[in-house]
Amino acid sequence: MNELHIPTMAQMAAEGKAPEILFWVGCAGSFDERAQKITRSICKILQHVGLSYAVLGTEESCTGDPAKRAGNEFLFQMQALTNIEVLNAYAVKKIVTGCPHCFNTLKNEYPQLGGNYEVIHHTELIQQLIDEGKLKTEDNESFKGKRITYHDACYLGRGNNVYEAPRNALQVLDAELVEMKRCRSNGLCCGAGGAQMFKEAEPGKKEINIERIEDAIEAKAQIVASACPFCMTMLRDGVKIKEKEQEIQVLDIAEITARANGL
Amino acid sequence: MIAQLVFLIILAAAVFLFSKNTGKIRRNILLGKDADRSDQPALRWKTMAKVALGQSKMGKRPVAAIMHLFIYVGFVIINIEVLEITIDGLFGSHRVFSRPLGSLYGLLIGGFEILALLVLVSCVVFLSRRNLLKLKRFQGPEMKEWPRSDANYILFIEILLMTAFLTMNAADYKLQALHFGHYIKAGSFPVSALIAPLLPSNASSLVMIERGCWWFHIIGILAFLNYLPYSKHFHILLAFPNTYYSKLSPKGQFSNMASVTNEVKAMVDPSFVPAATEPGRFGAKDATDLTWKNLMDAYTCTECGRCTSVCPANNTGKLLSPRKIMMDTRDRITEIGNNLDKQGKDFQDNKTLLDDYISREELWACTTCNACTEACPVNIDPLNIITEMRRFIVMEESQAPPSLNNMFSNVENNGAPWKYSNADRMNWAESD
């Protein structure tokens with residue numbers, strides 16, 4: 001694989017160019033060490049298929065999603081208006097996000113505030129690229145015969161009815177796909193949504209991510225495929241607490257796709 | 001003639017009382033704030049037809065779905081029989097539909113009987129699921145006392161009504177066989193024929209039983225009608241408007257508060273002149289801060305607990321139960337309505353939905369995962385109420401949990417929910 005070349009919107013604009021699609025990295029994808037790997041996988045895929053893209057880099061700011069879910073509408077709208085100003089200044093038309101929360105917010109909550117873009121999640125882009133024949137699973141060995149289960153992210157599945165794209169991205173692998181008992185519209189949350197990621201859980205009998213990883217253990221999955229950096233954190237913590245690190249791997253659909261394509 | 005008069009008085013009283021109490025619920029719902037749900041009427045009709053009429057969201061639990069379908073279809077279709085009973089009661093006729101309908105009448109009565117039996121069986125199954133099997137979904141701290149009795153009363157009343165209906169038919173069937181009085185040969189009785197042997201065979205006792213059951217059945221139905229406004233069973237009516245006014249946008253989309261947009265825009269651009277909005281608080285502290293749709297949701301809830309049974313917070317032992325959010329909202333707006341009627345509109349009871357009914361611990365346990373809204377068979381949205389109450393706590397009281405305040409200040413200062421410098425935002429591109 002060639003070295004990653006990651007163009008920013010500012011650089012492209014300076015050259016008088018505009019990319020076909022903006023890759024909205026998101027805060028987790030930018031700062032969280034584990035999620036950074038997902039971000040790089042997405043860039044590898046974009047570069048591999050030769051799609052003209054760019055990121056905002058330091059001009060990107062939180063979409064305001066966690067503030068909004070926590071009830072801080074002021075902060076959300078401040079963030080939204082600032083981001084919309086940047087996006088509109090670059091005349092952005094199409095956005096791919098690395099996170100279901102950014103995806104939902106940009107797609108559904110920005111239009112009313114003056115931000116109208118075509119927004120897709122990276123699993124939807126991957127499915128499109130597979131359908132167009134641009135992504136082939138060249139290295140099929142990595143996942144051959146592996147038991148993989150997909151964990152539905154709430155803001156992708158129930159939130160926006162994206163159930164098939166992540167599954168279709170796994171379908172092309174020579175792997176054994178299994179469903180957990182709670183899946184699709186019945187999927188169980190990882191516990192991070194609604195700004196729970198940034199606070200301790202309320203007192204209870206159990207942590208939600210433990211409850212969820214038990215579903216994966218019950219399904220005897222070797223790989224839990226995720227499509228959200230927050231689910232990633234919660235599920236990995238669950239695996240750790242259950243001491244199943246040897247048996248269960250948590251990977252993002254983008255990482256799986258990149259690896260299956262030898263990237 | 002006296003019987004007809006008595007019937008007319010009972011019927012008129014029942015209809016009057018029912019309209020009065022339903023009017024109160026309507027008034028209570030309209031105590032909520034405005035919300036525009038008049039867009040996309042075609043899609044709204046479709047949603048109502050699918051979700052309320054077609055019961056499309058019940059299928060996820062097949063046993064309950066089938067039993068509920070029997071009771072639902074039974075209720076709707078047996079109402080044709082109630083129409084006949086009402087006409088008979090008013091005009092002193094007997095089985096007035098039998099002549100005009102001819103042989104179809106036999107088919108109809110036979111169908112009613114089979115449905116009545118299915119309703120009866122379903123109610124017995126439902127009662128045992130609640131009281132013998134003690135299904136977890138029907139337990140829970142909010143399901144004690146009245147809500148628990150309410151559920152049992154409904155099933156019990158339906159059993160009584162169906163038993164009276166079948167016993168009445170059985171007596172009628174026997175009287176028809178005896179060619180007694182005005183009991184003309186009419187109808188077919190596939191179910192009541194089986195219980196007929198249990199009844200006495202002399203005509204005067206049979207007439208007593210037939211009349212007794214007739215009166216019990218129709219007065220029971222009218223009494224049940226008047227029980228509805230006090231009961232979770234009100235869902236049989238509100239399910240229809242409530243699904244019509246469903247949220248049609250994606251579940252993940254939360255409303256953008258226009259009042260906040262005005263303030264934020266004015267902050268960014270001093271020359272901005274905000275559109276007029278009604279003054280009020282941000283978010284919801286009491287039930288009257290919610291929209292009429294939230295309140296209609298609350299009166300539509302039949303406490304089935306599908307929401308709570310799929311709630312990740314509730315599943316892991318947290319205090320939050322979406323069903324309780326709906327029940328609390330309903331109980332509070334009913335209390336506000338009662339105060340209005342008894343104490344006048346200036347009365348303050350110094351209670352609020354927040355804290356007196358719903359605790360902060362419940363509200364902060366929500367992951368906004370939409371499992372509750374997905375599970376609700378009548379498209380109730382507990383998540384919207386939770387969000388509105390969070391908005392009040394955060395924007396009016398500044399009482400968010402400290403860790404969330406940290407997150408807010410990080411977003412405000414660094415543009416990320418964590419304490420990272422924005423200058424480092426692209427560091428991920430360098431390492432591998």
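In the predicted model, one salt bridge is found across the interface of domain 1 of chain A and domain 2 of chain A. Glu255(A) and Arg34(A) are joined by a side-chain salt bridge, with an N to O distance of 2.7 Å. Polar contacts were also counted. Six residue pairs, with both residues at pLDDT 80 or more, are in polar contact across the interface of domain 1 of chain A and domain 2 of chain A.

Four helices of chain A each give two or more residues to the side of domain 1 that touches domain 2: α3 (33–49), α4 (65–69), α6 (100–109) and α7 (122–131). The most comes from α3(A), which gives seven residues to this side. By residue class, the side of domain 1 of chain A that touches domain 2 of chain A holds eleven nonpolar, nine polar and six charged residues.

The domains themselves are as follows. Domain 1 of chain A covers 9–127, and domain 2 of chain A covers 139–260. The contact involves 26 residues of domain 1 of chain A and 28 residues of domain 2 of chain A. The C-alpha centres of these two domains of chain A are 23 Å apart. Together, domain 1 and domain 2 of chain A bury about 2200 Å². Carbon and sulfur atoms carry 71% of that area. Arg34(A), His101(A) and Thr123(A) supply 25% of the area that domain 1 of chain A buries against domain 2 of chain A.

Chain B was examined in the same terms. The chain has 19 helices and zero strands. The C-alpha trace of chain B spans about 95 × 55 × 40 Å along its principal axes. Of its 432 residues, 51% count as buried. Among contacts in chain B with a separation of 6 or more, 76% are accounted for by residues 24 or more positions apart.

The domain assignment of chain B places 2–30 + 61–237 in domain 1 and 258–420 in domain 2. Domain 1 of chain B brings 16 residues to the contact, and domain 2 of chain B brings 23 residues. The C-alpha centres of the two domains of chain B lie 40 Å apart. Domain 1 and domain 2 of chain B bury about 1800 Å² between them. Carbon and sulfur atoms account for 51% of this area. Ile29(B), Arg137(B) and Glu142(B) supply 34% of the area that domain 1 of chain B buries against domain 2 of chain B, more than any other three residues.

Three salt bridges occur between domain 1 of chain B and domain 2 of chain B. Arg323(B) forms a salt bridge with Glu142(B), and the closest N and O atoms are 3.0 Å apart. Glu142(B) is also one of the three residues that supply 34% of the area buried by domain 1 of chain B against domain 2 of chain B. Eleven residue pairs, both residues at pLDDT 80 or more, are in polar contact across the interface of domain 1 of chain B and domain 2 of chain B. On the side of domain 1 of chain B that touches domain 2 of chain B, the largest share comes from helix α1 (residues 2–29), with five residues. The residues of this side of domain 1 of chain B comprise seven nonpolar, three polar and six charged.

Methods:
Residues numbered from 1 in each chain as written. Chains lettered and ligands numbered in written order. Predicted model: local features only at pLDDT ≥ 70, side-chain atom pairs only at ≥ 80, totals over all residues. Heavy atoms only, no water. Domains from an automatic or database assignment. Contact = heavy atoms within 4.5 Å. Buried area = accessible area lost by both parts, 1.4 Å probe. Salt bridge = Lys/Arg side-chain N within 4 Å of Asp/Glu carboxyl O. Polar contact = N/O pair within 3.5 Å; in protein donor to acceptor, adjacent residues only side chain to side chain. Nonpolar A, V, L, I, M, F, W, Y, C, P; charged D, E, K, R; others polar. Buried < 20%, exposed > 50% of the residue type's maximum accessible area, 1.4 Å probe, protein only.
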